[in-house]
Amino acid sequence: MKRLRFNQQEIVFAVFAVLFLAFSIFLRGFLTPENMLTLLQNVAVLGILGLAMAIVVIGRGIDISLIAALAVPPGLVLQMVQNGHSLPAALVTAVLLTIAFGLVNGWLIAYAEVPSLFATLATGLLLAGLGQAALFQLDVVQWSDGMKGFERLGQGTILGIPTSIVMFAIACVVVAFLLRQTRWGAYIYAIGDNPYAARVTGIPSRPIIVLQYVVAALIGCFAGLVMAASVNSMPTRIFNSTLIYDVILVVVLGGIGLSGGRGGVLNVIIGTLLIGTMLNGMTIMDISYAGQNLVKGVVLLLAVITDSFLNPRNEETAQQGDI
Amino acid sequence: MRDTLTSLRYRYWPDHLLGEILSKRWTETAIPVILLLIVGFALSRSIDHFLSPSSLADTARQAGEIGFIGLGMALVVIVGGIDLSVGSIFALTDFCALYLLDVLNWPVPAVVVATLICGALLGAVNGVLIGYLRLRAFITTLITLIIYRSAFDLLIQRYSNSIAAAFPDIPSWNFIGGGDVFGIPSVAIVYIAIAIFGHIFMTRLRPGWHITAIGGSRRSAYNSGIPVRRTIALCYVASGVLTSIAALFFAARLGTVGGDIGVGLEVIVLTATVLGGITLGGGKGSVAKSLVGVLIVLLITNGLTTLNARGGINRMALAGILLVAAMVDIRWQKNRTRIISKVYVAPTYHALPPPPATEIGQGGPFEQNDKLRDVELIGLGRIEAPEDVILDRNNNLYAGSRHGDIIRFHAPDYQRMEVFAHIGGQPLGMAFDRQDNLYVCIGGMGLYRITPDGTVEKATDETNRSMHSVNDDSRLRLADDLDITDDGLIFFSEATVRYEMDEWPIDGLEARGNGRIICYDTKTGATHTALRGLKFPNGICVASDGVSILFAETFGCSIKRLWFAGPKKGQVEVVMDNLPGYPDNINLASDGNYWLALVGMRSPSLDLAWKMPGFRRRMAKRVPVDEWLFPNINTGCVVKFNEQGKILESFWDLRGENHPMITSMREHRGYLYLGGIMNNRIGRYKLENADPNFVQYDKRWGKLS
């Protein structure tokens, strides 16, 4: 079993290489500099979200509300600047909103013991509804003059590398550091591996779970800012899209088992590359949005089935009612 | 002054009701129902024509459609899963029905059948993945949600125009969509039929029980031989079929395939399910809960739409309700037993004056002595828990045992013992009637009769249910002691209606009048409650006048007299109160007086605690049961008293070695036989100055010729 789990990374990487090679050879317009830029930029946001999801999944949870965290607080930044507030004030407000949102998620899951899938499904709706009802005037929040300079977060290059890729890299380094080099990173792995054992050994599991969701929401907000900067607007209806499934796909395909306690940043990078290539190839092949979703869904299903065979759920620690 | 206030507050404020209401199963359905009434009332106030027939019929149609999906969701949630793909299945089957009808021009029955099959197949995909491959229900149905949705999107891109162009005018199709019978919409009729079947299925039929069992504990269900995987798979199939029924009605009603059909439907249905009180994680739920939840959610969303709320507010309302309902449900399911056990014990104010002295040298009738030190022991180590002892005309000795037997010791030496009758529950008080039938009060079972040849018959195990009681008090929980009048009425005490046999000391902690005296008529077989509100009524003995009984209130520390016939019928009179201990059984003495066992002596600490109900309630909430302050039942004595309530004599075993506790005593031919519910022996004490020929039942019923 252990050998297989390591193999999964390699398999996914091989699939990615084959896919990339095939697309480069057979798809006209795939291996062009412009397309590579688009691919990497799309992938960057997805990858940052994947990191957020990875933290939660490693801790045996899941965060469906990431897209709300991606859309609403950055949208709020744009809206506030549009309404005449200063950029720092808007950013602080957005970060506070994100932290509050993460705290609500974490509290519901750790203290009220609502299953994570369920809690984040509802809180995501809540935050999106809040944005729709109270915060935004239009579904797409436009860039305004006050945001000047901020677009460099998502556009242009640093040392010849597109900025969004640099942002993804920075996020990767930070998350890798948090997961591997800090104590609470080790706690997350312990909680994901066996929450009861973690609690018995004296790990403050509830605060750590809250922390997971706060960090995940902050990373989601960061991804949203990068996205908004790269497209110069915030399309808040992105919440209704299937982006969250792409994120789950990244994590699961990358080899982070949904049963928790396994995987790391490397898995996210591999998963991101594969999904990015796949989506980009399908776009070039001019497969319709619905068709793309169908393919994604089937791939995700196969990935989850494979995951359930490679990382079977631990029946001893699976909670009753853990759906 | 303060004591008066406390006593008034505890006399009139029904503390005990909260625990009793919470332990009822219907509270879990009652809360959503109350919520529904509140929502309905609020909306009917704020929206005009909310309760008009056309508006109601419209609501009923929508409720019917969502109700079907709600039933499917309830089923999969009860089996321990979740089905998020219902919205997409709804859209796909809606498309299927319209495509077959409008484009392929199939006849309506064929369309109906094909749509149901389509729903079943879509559900079967979920079922196979979750039931047989054991994937996580949430993530799996989330994925099938996208797959089905994108399939639907692809399909309507091709066919929406041809569907929109067709206007089928088929009477049966129109009836499905808009018909009614006596004003009741067609969909509501079908829903009611399926809901009734679903209720019977879940509560009365084997597969329904299997579903609940799997949801309760999948592993235990598997171990007990239930086909877990198949049952789970079939639940998802059923969910698909029910969703396709809803889609059929929807298709017939509107006849269009918009792109957003069924989007977000899963959240609405899930909210309804959780709000109705169907526990996430499985094992609990009912059809009624599903219906109530659907109605609440529908009223709220329709109300918000009517009030022109923005889309975001609708979303927030749904999500907020979902979260709160899930949270309340999860906390309640987790802490239900703990909460109930904390609030169930409801102590009340019970003040007693200082007890009469019992110490040596203080004088008085209760002065301790060591008369019982020299009792003979019968059946030492061979009998357990003889609460009551009794002797028949042939001098044989009978006693109950903890194992649910009546043990008989044979005269004259009481060495030979046998199981006279096996009953099953613990025998407490006993009495012989005129025909030598032995009537026995069995804790937890009721009043039983054992004929001289050892046949066990039930006399009664229920009485009339009182109107004001929340707990069902028609069943007898703790029948304790009895006596039989000359007319064949059996008066027996039921110590408490709030606790089971093994929890009886908690009733003492509560010190509420939870007990009652019940009368069973051997001639008619009828049972009725003679007197209620007594503090642990225990021993009962018919008084010498033949028209009244003497009874002991253990935690009332008193002996009272109840007239059941004659001029004072129905009246109650105190014979003795403020006893220094807790009185138990009462029996006749040979000199016309009465024997009374004191099962334990009062202690200053409990006497004080009885005046402090708040203290006892805090103790019951915060301290584990085995550290509670309980009545002392380790040392006691036997006293003799007369009908005027004067104590004549007392018998103690100071060191408690030979006869540690006493719950009952019988005088027979110059000896006193002693029983105790914690003892492993029966004591036999030689009485001085007693009638050596006294046989209780010869005296009561006359000697057999």
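Into which domains is chain B divided? There are two entries to remember: domain 1 (2–341) and domain 2 (371–464 + 472–701). Those bounds come from an automatic or database domain assignment. The C-alpha centres of domain 1 and domain 2 of chain B lie 56 Å apart.

A word on the ground rules. This is a predicted model, where local features need pLDDT of at least 70, side-chain atom pairs count only at pLDDT 80 or more, and totals for chains, interfaces and linings use all residues. Residues are numbered from 1 along each chain as its sequence is written, while chains are lettered from A and ligands numbered from 1 in the order in which they are written.

Start with the contact between the chains. Chain B puts in 36 residues and chain A puts in 34 residues. Being in contact means that two C-beta atoms, placed from the backbone, lie within 7 Å. On the chain B side, the elements giving two or more residues are helix 7 (137–165) and helix 15 (311–344). Helix 15 of chain B gives the most, with 14 residues. Helices here are DSSP runs of H or I with at least four residues, strands are runs of E with at least two, and both are numbered from the N terminus.

What is that side made of, by class? In chain B, it has 22 nonpolar, 8 polar and 6 charged residues. Nonpolar covers Ala, Val, Leu, Ile, Met, Phe, Trp, Tyr, Cys and Pro; charged covers Asp, Glu, Lys and Arg; the others, Gly among them, are polar.

Next, a helix pair. Helix 4 (residues 53–78) and helix 12 (residues 228–254) of chain B pack at about 170 degrees, with their axes 7 Å apart. Axes are lines fitted to C-alpha atoms, for helices over the stretch in contact, and angles run from 0 to 180 degrees between N-to-C directions. Helix 4 and helix 12 of chain B are therefore roughly antiparallel to each other; that label takes angles over 145 degrees. Helix 4 of chain B brings residues including B:Gly64, B:Phe68 and B:Leu75. Helix 12 of chain B answers with residues including B:Ala238, B:Leu242 and B:Phe249. By class, this contact of helix 4 with helix 12 of chain B has 15 nonpolar, 4 polar and 3 charged residues.

Now the sheet. It is open, has 4 strands in the order 20-21-22-23 of chain B, and pairs antiparallel. Strands pair if DSSP finds at least two bridges between them. Strand 20 and strand 23 (647–652) of chain B stand at the edges with a single partner strand each, so one side of each has no neighbour in the sheet. The twist averages 25 degrees from one strand to the next.

Walk across it. Strand 20 (residues 581–588) joins strand 21 (residues 594–601) of chain B through 6 bridges. B:Tyr582 partners B:Gly600. The hairpin between those strands has 5 residues, and B:Gly592 in the turn has a positive phi of about 90 degrees. Strand 21 then pairs with strand 22 (residues 637–641) of chain B over 5 bridges. There, B:Trp595 partners B:Lys640.

Is strand 20 of chain B buried or exposed? 8 of its 8 residues are buried, so strand 20 of chain B is largely enclosed by the rest of the structure. Buried means 20 or more other C-beta atoms within 10 Å of a residue's own, with C-beta atoms placed from the backbone. In strand 22 of chain B, 5 of 5 residues are buried.

Key:
Buried ≥ 20, exposed ≤ 12 C-beta atoms within 10 Å, placed from the backbone. Parallel < 35°, antiparallel > 145°, perpendicular 65-115°, else oblique.
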